[in-house]
Structures are given as structure tokens and as C-alpha cells.
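Let's take a friendly look at how side chains meet in this protein.

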Amino acid sequence: NGISVSSIGGNAFHGAGITSLTIPASVKEVGADAFARCQNLTSITFLTDTEGGGTETIGPDAFKESPQLQTVTLPGTLKTMGARAFLSCTALAQLQLPSGLQTIGGYALSETALTDITIPGTVTSLGEGTFCNTTALTSVVFGEGCCISEIGENTFARTSITSISLPESVQTIGRLAFHKTGLTSIVLPAGIQSVGDQAFQD
């Protein structure tokens with residue numbers, strides 16, 4: 001006779017002392033700052049149900065500044081990762097983004113310990129500064145069919161990527177997008193229309 005929880009509100013567990021977290025499939029949305037600054041949080045698992053239901057939205061700042069967070073298992077149902085969702089989760093070195101994800105907000109994975117990432121082909125929007133200051137990041141792969149039109153300001157700034165092949169859909173590269181990276185090789189799409197100031201400045 002348990003009560004089914006459909007959302008977790010903003011700031012609900014902000015700064016809580018929890019060490020691990022399992023989010024049931026009934027939760028469709030995790031609110032802004034819901035688990036931000038949980039100093040002892042090391043793992044998060046999102047569950048899905050037998051009908052394939054699960055969390056669809058992770059709100060802005062939801063898990064930011066949780067310095068011991070190492071393991072995150074995202075659900076295949078996830079469509080939106082809000083701005084700064086995992087900002088400054090400095091121990092987060094691995095993350096598999098699910099196929100079906102559509103939007104990654106600005107600075108969502110900035111200042112993490114990620115070394116490589118595959119952006120699913122379903123992603124249509126990649127916010128500015130998404131991977132900014134993720135200094136261990138060396139490999140970025142865009143999934144087949146990816147139709148992102150813009151690489152925003154600071155998206156890959158101060159990472160360690162040495163080469164990247166951008167989707168053919170990209171038309172705009174924002175200012176400082178690849179500022180201070182280890183980039184030695186880049187494949188620009190034929191349809192590129194605009195490259196911002198200092199986009200590739202070392």
C-alpha cells in the first residue's frame with residue numbers, strides 16, 4: 001500500500017547526509033537543487049519499471065557540488081538534463097548518457113572528472129559550457145544521427161580533447177567553444193556558417 005511518488009521537489013534533500021540514492025521509476029521529475037551539495041553522496045541509481053517508465057527530467061542544479069559522487073546510472077527514459085545538473089561533481093569520472101536524451105543544459109557536466117563521453121544521436125540541444133573545465137576529458141563522440149545545430153559558448157573550453165568530429169548538422173560554433181583545449185584535429189561540417197571569437201584559441 002505504498003504511496004507512489006511522481007516528483008521530487010526543489011531543494012527537497014539539499015545538503016542532506018545521504019550516501020547512496022535510488023530513485024524509483026514512478027518519479028518522472030527530479031526538481032531543481034533537489035540533491036545539491038550532498039557532501040557524502042557517492043552513488044545514484046534511477047530505476048525503470050516493467051513498462052519502461054522512469055524519470056524523464058532532471059532539473060537544474062539537481063545534484064551539483066556533490067564532491068564524492070562517483071557512480072550515476074541514468075534511466076533510458078531520460079529526456080532532459082537541466083542546467084548545472086552535475087556541475088562540480090568532481091569525482092564523477094564515468095557516465096553513460098541514454099539513447100533518447102534530447103536536451104543537455106548549460107554547464108550540466110562542467111567541472112566533473114569525465115574522461116570520455118558519447119553524446120547520443122537523439123540529443124538536439126547542447127547548452128553552453130556543458131563540459132567546460134572538465135579537464136580530464138579527452139574523447140567526445142557524437143552518436144549517429146545527431147542533429148545538434150550549435151556548439152555553444154565555452155562548451156568544451158579547458159578540456160583535454162585532442163581531436164573531434166562534429167555532426168554535419170552543426171552550423172554555429174560559439175565563442176570560446178574550444179578555448180584552451182589540446183585540440184590538434186577537428187573535422188568541421190560542410191554547412192558551418194559561423195565561428196565565434198576565440199573559438200579555438202589556445
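This is a predicted model: local features need pLDDT of at least 70, side-chain atom pairs count only at pLDDT 80 or more; totals for chains, interfaces and linings use all residues.

Residues are numbered from 1 along each chain as its sequence is written, and side-chain values use heavy atoms, with hydrogens and water left out.

The structure holds seven aromatic pairs (Phe, Tyr or Trp rings, the six-membered one for Trp, with centres within 6.5 Å; planes under 30 degrees apart are stacked, over 60 edge-to-face, the rest tilted). Phe46 and Phe63 have ring centres 6.3 Å apart and planes at 85°, so they sit edge-to-face. Phe63 also pairs with Phe86, this time stacked, at 5.3 Å between centres and 15° between planes. Phe63 is buried at 0% relative accessible area, and Phe86 is buried at 0% too (buried is under 20%, exposed over 50%, partly exposed in between, with a 1.4 Å probe and protein chains only). Ring pairs join Phe13, Phe35, Phe46, Phe63 and Phe86 into a cluster.

There are also four salt bridges (a Lys or Arg side-chain nitrogen within 4 Å of an Asp or Glu carboxyl oxygen), including these:

| Salt bridge | N to O distance |
|---|---|
| Asp61 and Lys64 | 3.5 Å |
| Arg84 and Asp61 | 2.7 Å |
| Glu153 and Arg175 | 3.4 Å |

Asp61 is buried at 7% and Lys64 is buried at 12%, whereas Arg84 is partly exposed at 31%. Glu153 is partly exposed at 28%, as is Arg175 at 34%. Shared partners join Asp61, Lys64 and Arg84 into one salt-bridge network.
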